[in-house]
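Subject: Structure handover

Hello,

Here is the structure I promised to pass on. Please open it alongside this email, and read my notes as you look around.

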Amino acid sequence: IPLTKLSDYSILLYGEEKVGKTTFAAQFPDSFVLFFEPGGHALATYSREPRSWKDFKGYIKLLQQSKRFRTVIIDTVDIAYQMCYRFICDREGIAHPKEEGFAVAWTMIRDEFQEQMSTLLKLNRGVIFTSHSMEKDIKVRTGDTFSRIIPTMSRQSRMILEPMVDMWVYCRHTKFQREFVIRGTDHIAAGHRMENNFLNISKISMGASSSQAYKNFVAGFNNEIPNTKTKVTVKIKTGR
């Protein structure tokens with residue numbers, strides 16, 4: 001049976017600097033933020049700042065033992081992956097996975113990151129991962145190149161996390177407003193797996209505040225935003 005509450009789903013929330021990703025995420029019910037980078041000092045929320053990958057794993061164990069929080073926010077997942085990377089390199093006594101004889105370290109990093117992300121997503125609560133955005137040139141088999149907006153996460157972390165989450169949401173400034181892009185295009189990476197939610201809409205206004213952004217997003221999830229698509233009637237003049 002599909003889950004019916006937005007707070008039960010996982011989201012990869014990425015976008016431009018200062019667009020309001022973290023303040024929006026903090027609006028989710030009973031949220032707990034793990035700040036991997038500075039930026040949450042102005043938020044009234046329960047939070048911690050993991051200083052190492054070992055710290056992060058410790059918080060996951062505490063979350064497994066408690067039902068206190070309904071939503072867990074990882075801000076940003078980019079730095080979380082970097083901590084995992086450094087954890088494996090330090091454990092193996094290497095400076096970089098490319099060192100001769102240690103290429104297997106890439107597999108160790110992948111397995112460690114995937115295991116902890118999987119554990120986090122199995123806590124039966126909502127999880128929001130934040131990331132920044134960048135525009136990258138993508139080369140296809142024909143040799144043609146096109147630009148695409150994607151998260152700033154490393155390639156390996158994207159390949160691990162993107163298949164795991166339920167939604168990929170891009171946040172951006174436009175000429176007139178801030179908005180969520182929930183249905184992607186060739187130029188923007190975004191989308192979701194829900195067949196019964198966000199029907200007939202591809203963008204949602206973030207409004208003028210984080211609370212309005214959350215209210216609008218919930219309305220979009222519940223299919224309470226009118227379809228903005230309009231039919232265009234073309235009158236054709238006929239004559240002899």
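Start at Gly207. Gly207 is partly exposed, as its relative accessible area is 28%. Look for Gly207 in the loop that runs between strand E10 (203-205) and helix H6 (210-221). What does Gly207 contact, once neighbours within four places in sequence are left aside? The partners are Arg178, Gln212 and Asn216. Gln177 and Gly207 are 30 residues apart along the chain, and their C-alpha atoms are separated by 7.2 Å.

Bear in mind that this is a predicted model.

Now the overall picture. The chain has 240 residues, and 43% of them are buried. Its secondary structure comes to 6 helices and 10 strands. Take the contacts in the chain with a separation of 6 or more: 62% of them are between residues 24 or more positions apart.

Strand E7

Next, go to strand E7, residues 167-173. How many of its 7 residues are buried? The count is 6, so E7 is mostly covered under the cut-off of 20% relative accessible area. Take them in turn.

- Strand E1 (residues 10-15) pairs with E7 in the parallel sense, over 5 bridges. Here Leu12 has Trp168 of E7 as its bridge partner.
- Strand E8 (residues 178-181) pairs with E7 in the antiparallel sense, over 4 bridges. Tyr170 stands opposite Val181 in E8. A hairpin of 4 residues joins E7 to E8.
- Strand E9 (residues 191-192) pairs with E7 in the antiparallel sense, over 2 bridges. The bridge partner of Met167 in E9 is His192.

Note a link back to the start. Arg178, one of the contacts of Gly207, falls within the range of E8, residues 178-181.

Helix H4

Then turn to helix H4, residues 104-121. H4 has 18 residues. From first C-alpha to last, H4 reaches 26 Å, close to the 26 Å expected at 1.5 Å a residue. Which residues of H4 are buried? They are Ala105, Ile109, Glu112, Phe113, Gln116, Met117 and Leu120. These residues cover an arc of only 120° around the axis, which puts them on the same side of H4.

What do the buried residues of H4 pack against? Three helices are in the list: H2 (53-64), H3 (77-92) and H5 (155-161). Strands E4 (71-75) and E5 (126-139) are there too.

Ser157

Helix H5 holds a residue worth a stop, Ser157. Is Ser157 buried or exposed? Ser157 is buried, with a relative accessible area of 1%. Its side chain reaches the backbone oxygen of Ser154 at 2.9 Å. Leave out residues up to four places away in sequence, and Ser157 touches Tyr81 and Phe113. Phe113 is one of the buried residues of H4.

Salt bridges

How many salt bridges does the structure hold? There are 7.

- Asp90 and Arg86: the side chains meet at 3.4 Å, N to O. The two residues are 4 apart in helix H3, so about one helical turn separates them. Asp90 is exposed, with a relative accessible area of 53%. Arg86 is partly exposed, at 35%.
- Arg91 and Glu92: the side chains meet at 3.0 Å, N to O. Arg91 is partly exposed, with a relative accessible area of 47%. Glu92 is partly exposed as well, at 27%.
- Arg110 and Asp111: the side chains meet at 3.1 Å, N to O. Arg110 counts as partly exposed, at 35% relative accessibility. Asp111 also counts as partly exposed, at 38%.

That is the tour. The structure is yours now.

Best wishes

Terms used
Residues numbered from 1 in each chain as written. Predicted model: local features only at pLDDT ≥ 70, side-chain atom pairs only at ≥ 80, totals over all residues. Heavy atoms only, no water. Expected span 1.5 Å × (residues − 1). Buried < 20%, exposed > 50% of the residue type's maximum accessible area, 1.4 Å probe, protein only. Arc of directions from axis to C-beta. Contact = heavy atoms within 4.5 Å. Pairing = 2+ DSSP bridges. Polar contact = N/O pair within 3.5 Å; in protein donor to acceptor, adjacent residues only side chain to side chain. Salt bridge = Lys/Arg side-chain N within 4 Å of Asp/Glu carboxyl O.
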